[in-house]
Amino acid sequence: MMAMFVRRALSSRNAIGVLRRSSVVVQSRDFSFISSPNLMMMGGRDLQFDLSMPDFLRDSRRGFAKGKKSKDDSGTGMVDAAPDIGPTVKAAASSQMEAAIDALSRDLTKLRTGRAAPGMLDHIVVETGGVKMPLNHLALVSVLDPKTLSVNPYDPDTVKELEKAIVASPLGLNPKLDGQRLVASIPALTKEHIQAMCKIVTKSSEVVKQSIRRARQKALDTIKKAGSSLPKDEVKRLEKEVDELTKKFVKSAEDMCKSKEKEITEA
């Protein structure tokens, strides 16, 4: 009898230990404990076991669920790759520098040399019928010989307006009517005229180089603003490429001006 009592006591103690380790909650008419979410029915009683997943496994599954992406250190959002601003910066700088070169080309064309050139009259504006238009929209300009220009109006009725505009220009030309066209002889340049033209070329060269350098500085400022999001090597590479672009356009401007000075002095 005593042996049976001991065996029952040990069995009861073991059962209680298992129930405690399993977070068992027994609900009956006489007593109840705080229950876990998972229920099992046994012998008419509701036994609740905590069968939920351990915290460390649940957290690890959350970390890998649906390919979760890494966040930045601040935890405010995803880490984005720095945009490649190089092509945009260089394209903008190149466009501004090309515009400066085009403006220089137009200014140099306006300067008269002792040699005939069809572009000499492109900058002249003619007023006809109350409307102002570029001369090359109203007439075809061609070179008869190194010292003579021919101006053939598309509309013969505009020949008088064309003549008036050419005479009023700073080129010092005095065209003559030859049938339905105008013929303009290019007078030889005086020493004073040559010196004045060369000074204008030098000034034009400085103006265009300043425009090119402004475009360069604007590009460098853009790179500097984005510097915090770019690697240092990338910043240095972009700055070097902008400097090389600047040197290229400055050299182009200098070559154009040297060519014009040679044209003036050797005419």
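**Entry 1: around helix α4.** I looked up what covers the buried residues of α4, and the cover includes β4 (125-128), β6 (139-145), β7 (148-153), β8 (176-178) and β9 (181-185). Contact here means heavy atoms within 4.5 Å. Helices (H or I, at least four residues) and strands (E, at least two) are DSSP runs, numbered from the N terminus. The model is predicted: local features need pLDDT of at least 70, side-chain atom pairs count only at pLDDT 80 or more, and totals for chains, interfaces and linings use all residues. Residues are numbered from 1 along each chain as its sequence is written, and side-chain values use heavy atoms, without hydrogens and water.

I then listed the buried residues of α4 (residues 159-168): Val-159, Leu-162, Ala-165 and Ile-166. They sit on the same side of α4, because they cover an arc of only 125° around the axis. That arc is taken from the directions from the helix axis to the C-beta atoms. On the face turned away from the buried side I found the exposed residues Lys-160, Lys-164 and Ala-168. Buried means under 20% relative accessible area, exposed over 50%, and partly exposed in between (1.4 Å probe, protein chains only).

**Entry 2: Ala-215.** I found Ala-215 in helix α5 (residues 191-225). Is Ala-215 buried or exposed? Ala-215 counts as buried, because its relative accessibility is 3%. I skipped residues up to four places away in sequence and noted that Ala-215 touches Ala-93, Gln-96 and Met-97. Ala-93 is 122 residues away along the chain, yet the two C-alpha atoms are separated by 5.5 Å.

**Entry 3: helix pairs.** I checked α5 against helix α6 (residues 232-265): they pack at about 170°, with axes 10 Å apart. So α5 is roughly antiparallel to α6. Their contact has 17 nonpolar, four polar and seven charged residues.

Next came helix α3 (residues 86-110) with α6, at about 10° and also with axes 10 Å apart. These two are therefore roughly parallel. Among the contact residues I noted Ala-93 and Met-97 of α3 and Phe-249 of α6.

Axes are lines fitted to C-alpha atoms, for helices over the stretch in contact, and angles run from 0 to 180 degrees between N-to-C directions. Under 35 degrees counts as roughly parallel, over 145 as roughly antiparallel, 65 to 115 as roughly perpendicular, and the rest as oblique. Ala, Val, Leu, Ile, Met, Phe, Trp, Tyr, Cys and Pro count as nonpolar, Asp, Glu, Lys and Arg as charged, and the others, Gly among them, as polar.

**Entry 4: whole protein.** I counted six helices and nine strands. Of the 267 residues, 29% are buried.
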